[in-house]
Every structure is written in C-alpha cells, then in structure tokens.
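Please read this note with the structure open beside you. Each point names a part of the chain and states what can be read from the coordinates there.

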Amino acid sequence: MYRNCWLSLLLCYLFGGLRGTFVTRNARPNIVLLMADDLGVGDLCCYGNNTVSTPNVDRLASAGVRLTQHLAAASVGTPSRAAFLTGQYPIRSGMASPSNLNRALPWVGGSGGLPANETTFAKLLQHQGYRTGLIGKWHQGLSCASRDDHCYHPLNHRFNYFYGLPLGLLSDCTAFEMPELHHRLRVQLWVATAAIGLIPLLLLVPKLAHWLAIPWKVIVTFALLFFASWYSSYGFTRRWNCVLMRNHEILQQPMRKTVSTFMLKEALSFINRYKRGHFLLFVSFLHVRTPLITREKFVGHSKYGRYGDNIEEMDWMVGKILESLDQERLATHTLVYFTSDNRGHLEAQASGAQLGS
C-alpha cells in the first residue's frame, strides 16, 4: 500500500512529524487530492492509452511525478479509501473482513463505518489550522445506532465541509439500468415471488375436485407479504442509497443526474472561499464508476464509448480545478495529487458494451 504510506509520510514531513520541527506557516502548501473511482492504470494517456484524451491529468504527470509502483490497499472502494484516509491497512481500522466478504458497505442505512477515533489526514491538517473539505463520494459509513446519529459522517473525521454522497454511485441510482446491488439475489426473489403467485392456479384443480379447501385470501395475502418484504428494500434502492448531502442536510433523495455539475461548482467555491488561508480539498469523483453518469456535452466524445466519455469528462473537471488554482495564483504553493481508489472495473458490461477498464 505504497500510496497511503507516501501520503502519510508527506504530511509528516510537511508538519514536522519526521524531525520534531515545524516549517513556518507561510511555507505550508494547500493540498488538493483528486481521487477517481475504479479508474484503471492504463486508462490515461500519460500511462500509454491513446484511445481517450486526458490532457489535464497528463499535464499533472508531465509537470510533476508519475508514481509507477503505486498500489492500493484493497481491490474495492470501502477498505481502500479507509487506508487512504488513515495511512494504515484497512484491517487495522476494522474496515476489512475475512474471506473477502462484505468489504463494501452496501446500504446508507446500515450500521458500520470508519471509527471516529481513527486519525485521518483531515484531522492532522485541521489541527494545523487548515480548512478541510470533502466533495464527492465518502463510502465510509454514516450512522451507528439510528439513522440520524451520523457517527461515521465526514464531519466526525475532521472535515469542516462535506458535499456529496454518503455511500457512492451504483447502477441502481439511475432508471432503466441493470440493478447492481445484490443482483443475483434479486433475480432469485423475483422467481420465488412468481412461483408463489402460481400457487392459487395450482390449487385450482384440488379446489374444483373438492379435495381440500384453502381460502384464496390466505394464498394472496402470503404472496403479497412475501413480495412486500423484499421489494420494500430492493425496489426503493434508488431512494434509500442514492442520497446527496451537504454536511448533515439531505439535498436530493434520490440524487439527480446533474450531481457532477454541482460537485464541480462546490469544489471551485471551496477554493475561492479559503484561498486566503490554508486548505485541504479532497475531491472524490463519481467518475468512472458505473452507471457512468455523463453530461450530454461529452456523450460520444471519445473513441471508447460510454467509459471513455466518462473519463474525458472527469479530465475536464480536473482541468477546471487546476484552472481555478491558476486564476487565484495558488498553483505554485498547492500540492495536487491525482489517484484512483482501486483497480478498473473490468466486469462492468451492458448490452455487450464494456463499461469498465
């Protein structure tokens, strides 16, 4: 997990953790962390891909350093992001599990997340007077005992400001996409419901033959209760899980497709708001995670279909953030760090089209 160690060591160096001394306040840089979701190592031009256009990320690579042995701590987002935030293996903070099961938090309303007593880089920087903000995907849990306690909320991990999704992006968040959450189980539940629905027809023969009498209301009630018991969760996944928040306030439930536009505006606003002090801005993109929500401007923009379009939109957003730093004359004393949370989502497909790296 070289990525997380590198970031932690860098912060220690900047704030005196290595030698017990502190650099002057005016010498401390602003920090902008840009994290893609499920971006493959070969999906950028600076790493050899000539089918998509990523001039802004390429600009970072050419003007800075490419870390070619830069490994994630896990192959899925929740434990990998926990390691990124804390600089330690996810199992040490309870964000891993045996046999690779249940490593990603599937429900906003579920209990569990990154413990509030863990030390994140946001906490370190906040103690040094930085204003800290997270824009985008969190996916480190939200609540403990009740839906409103928000014990795992980003603000409890010393982010001063949060605008984004407490969980993350799923195909379930858009209409007419193939359901992603527990897809196989949902198919089995639909089959079971259909089978139960056939029971009244199968009982028609013994009823007409007067072999036994089972009230129709009993069968119909049982079928409806079985259907309602699982559809109340999976049938409303978009409403339960696809939530946009500002701090503790719910702004959209379910979120709309324009969420990335609002995220970019919030990131630029954060830079403008704290440009006269020291700030940490963590932009956790929804790109390039399925269902690949892409604004119309970029649809059909690349040679690589929906996935390439989504990459190019993300690169454009990176460019807007870099442009803001340039305009505010912050570029020369701002550390900009671009990475992905884990590997590309090779398995993602729809209608024969590849939706992942």
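The numbered points below go from the whole chain to its sheet, its helices and a few single residues.

1. The average pLDDT of the chain is 82, and 76% of the residues score at least 70. Residues 1-5 have a pLDDT under 50, although the model gives them 22 contacts beyond four places in sequence. Where pLDDT is low, the predicted coordinates should not be read in detail.

2. The overall composition can be stated briefly. The chain contains 10 helices and nine strands. Of its 357 residues, 47% count as buried. The accessible surface comes to about 18000 Å², and carbon and sulfur atoms account for 58% of that area. Among contacts between residues at least 6 apart in sequence, 73% join residues at least 24 apart.

3. In what order do the seven strands of the open sheet lie? The order is 5-4-3-2-6-1-7, and the pairing is mixed. Strand 5 (249-252) and strand 7 (334-340) are the edge strands, each pairing on one side only. On average, neighbouring strands of the sheet are turned by 15 degrees against each other, direction ignored.

4. Several pairings within the sheet can be followed residue by residue. Strand 2 (residues 131-137) runs parallel to strand 3 (residues 161-165), and five bridges join them; in this pair Gly136 stands opposite Gly164. Strand 2 is also joined to strand 6 by six bridges, again in parallel, with Thr132 opposite Leu280. Strand 6 and strand 1 pair in the parallel sense over five bridges, and here Leu33 faces Phe282 of strand 6. Strand 1 and strand 7 run parallel and are joined by seven bridges, with Leu34 opposite Phe338 in strand 7.

5. Is strand 6 mostly covered or mostly uncovered? Strand 6 is mostly covered, with six of its six residues buried. In a regular strand the side chains alternate between the two faces of the sheet. In strand 6, Phe279, Leu281 and Val283 point one way, while Leu280, Phe282 and Ser284 point the other way, and all are buried. Strand 7 is an edge strand, yet five of its seven residues are buried.

6. Helices pack on this sheet. Helix 3 (residues 77-86) touches strand 1 (30-36), strand 2, strand 6 (279-284) and strand 7, and its direction makes about 170 degrees with that of strand 1. Helix 9 (residues 259-273) lies across strand 2, strand 3, strand 4 (244-246), strand 5 and strand 6, and runs at about 170 degrees to strand 6.

7. Helix 2 (residues 55-63) deserves a separate look. Its buried residues are Asn56, Val57, Asp58 and Ala61. Their cover includes helix 10 (305-327) and strand 7. For reading such a pattern, note that an α-helix has 3.6 residues a turn, so residues three or four places apart point the same way.

8. His278 belongs to the loop between helix 9 and strand 6. Why does His278 count as buried? His278 is classed as buried because its relative accessible area is 12%, and the cut-off for that class is under 20%. A polar atom of the His278 side chain lies 3.2 Å from the backbone oxygen of Arg28.

9. Two further loop residues may be set side by side. Val243, in the loop between helix 8 (237-241) and strand 4, is buried, with a relative accessible area of 3%. Leaving aside neighbours within four places in sequence, Val243 is in contact with Gly164, Leu165, Pro166, Ile250, Gln252 and Gln253. The C-alpha atoms of Val243 and Leu167 are separated by 7.9 Å, with the two residues 76 apart along the chain. Thr119, in the loop between helix 3 and helix 4 (121-127), is partly exposed, with a relative accessible area of 39%. Not counting residues up to four places away in sequence, Thr119 touches Leu85, Thr86 and Leu124. The C-alpha atoms of Thr119 and Thr86 are 5.9 Å apart, although 33 residues separate them along the chain.

Notes: Residues numbered from 1 in each chain as written. Predicted model: local features only at pLDDT ≥ 70, side-chain atom pairs only at ≥ 80, totals over all residues. Heavy atoms only, no water. Pairing = 2+ DSSP bridges. Helix = DSSP H or I, 4+ residues; strand = E, 2+ residues; numbered from the N terminus. Axes fitted to C-alpha atoms, helices over the stretch in contact; angles between N-to-C directions. Contact = heavy atoms within 4.5 Å. pLDDT = per-residue confidence, 0-100. Buried < 20%, exposed > 50% of the residue type's maximum accessible area, 1.4 Å probe, protein only. Polar contact = N/O pair within 3.5 Å; in protein donor to acceptor, adjacent residues only side chain to side chain. Areas by Shrake-Rupley, 256 points an atom, 1.4 Å probe, with all protein chains shown as cover.
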